[in-house]
Amino acid sequence: MRVAPGTYLVASGVQGCSLTHDLDCNCWLFETGEGLVLFDTGAGLDIDGIFAVMDEDGLSPDRLSHVFLTHAHGDHSAGAYVLQQRTGCKVFCNRLTSDLLDKGEPAFSLDVARAAGVYPSDYAYTRPSIDGLVVDGETIRIGTLLIEPLFTPGHSLDHYSYRVRRDGIVALVTGDAIFHSGRIVYQGIYDFDVRQSAESIRRLGTVDFEILLPGHGMFVRHGGRRHVDAAVLHLDKLMTPRPIEFVAI
Ligand SMILES: [Zn+2]
C-alpha cells in the first residue's frame, strides 16, 4: 500500500490496518532504484500475504535486497528467516539485537509472550542469519536511499529507529519506540524501561523528519514530528508517556 512516493506499507496486523496476519507489525518498504529495502518483517506467519500486498503495487519480492530490523521481538523479526530463504535478501540489525537472537527466546521475551498467549502455543522462531550490523549514527546508502540508524532503547534494550531519506522524502521508522499521537506500549518484560523510553522519545524529538512510520497503528504522511513533539510536551510536564490502546486478539 503506497503511502508516499517509493514508500509502501506491506504488512500490518490487527494493531494496525489488518493488511496481513494479525500478529504482524507494520513493515515499511522503500524503492531504492537498486532493489527494495524493508524495515521489519512481521511475525513470519504470512509471508505470502506480504508478497500479495507488494504485488498489488507491482513490487516483485525478487527485488527485495535488504531487511533492517528495529529490534528482536518476534512480531518484528520472525519473518526475516523466511524472507531470507525465499528472496535471498540480506538482513541487517544492531549488535544488541544480534546478541539477543544468539542467546535465544528468553532474551527477547518470546518465551513469556508465548506463555501469555500473545503468540500461539506452537509458534516457532527460526533465527535469521545476520549479514551486517548497523551502528548508531553511521549512515548507510543503498541506491538512492540514505538510512541513518538511531539507538532508541526503552521499549526493549536493543531498540533502534531509522531515519530514511530520498528525493525530498524524510521518514522516521520508529518501530515500537513511539506510535501515532506520541504513545508507547507498556509491557511487563524484563528489559522495558520507561525512563529509557522517555529519553529515546526526547532524542527523536531532535530529529527532523516529515513522515512518521511506526511499528503499529496509523502512520503520518505530513508533519509527523508533531506526534513526537506531543510526547515531549507530555514529558516536559513530568508525566510518563501515554499508553497506546491495543486490540485484544
Ligand atoms: Zn516490540
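I take the radius of gyration over C-alpha atoms, and my globule rule is 2.2 Å times the number of residues to the power 0.38. With 249 residues, a compact globule would come out near 18 Å; the protein has 16 Å, which agrees.

Before going on, a note on what I'm looking at. This is a predicted model, so I ask local features for pLDDT of at least 70 and count side-chain atom pairs only at pLDDT 80 or more, while totals for chains, interfaces and linings use all residues. Residues are numbered from 1 along each chain as its sequence is written.

**Overall.** I looked up the span of the C-alpha trace along its principal axes: about 50 × 45 × 30 Å. I find seven helices and twelve strands (DSSP runs numbered from the N terminus: helices are H or I with at least four residues, strands are E with at least two). Of the 249 residues, 48% count as buried (20 or more other C-beta atoms within 10 Å of the residue's own; exposed is 12 or fewer, partly exposed in between, with C-beta atoms placed from the backbone).

**Helix 1.** Next I went to residues 47-56, where the buried residues are Ile 47, Ile 50, Val 53 and Met 54. Down the helix axis they fall within an arc of 120°, so they line one face of helix 1 (the arc is that of the directions from the axis to the C-beta atoms). They pack against strand 2 (7-11), strand 3 (27-31) and helix 3 (79-87); contact here puts two C-beta atoms, placed from the backbone, within 7 Å. Turned away from the buried side I see exposed Asp 48, Asp 55 and Glu 56. Just after helix 1, Gly 58 takes a positive phi of about 70°.

**Cores.** Which residues touch the most other members of the largest nonpolar core? Of its 53 residues, they are Val 10, Cys 27, Val 67 and Phe 68 (a core is a set of buried Ala, Val, Leu, Ile, Met, Phe, Trp, Tyr and Cys residues joined through C-beta atoms within 7 Å). Apart from this core lies another, of 13 residues, among them Leu 45, Ala 72, Ala 78 and Leu 96.

Lastly, I traced five strands forming an open sheet in the order 8-9-10-11-12, with mixed pairing (a pair needs at least two DSSP bridges). Strand 8 (140-142) and strand 12 (211-214) stand at the edges with a single partner strand each, so one side of each is left without a neighbour in the sheet. Strand 8 pairs with strand 9 (residues 145-151) in the antiparallel sense over three bridges. The bridge partner of Arg 141 in strand 9 is Leu 146.
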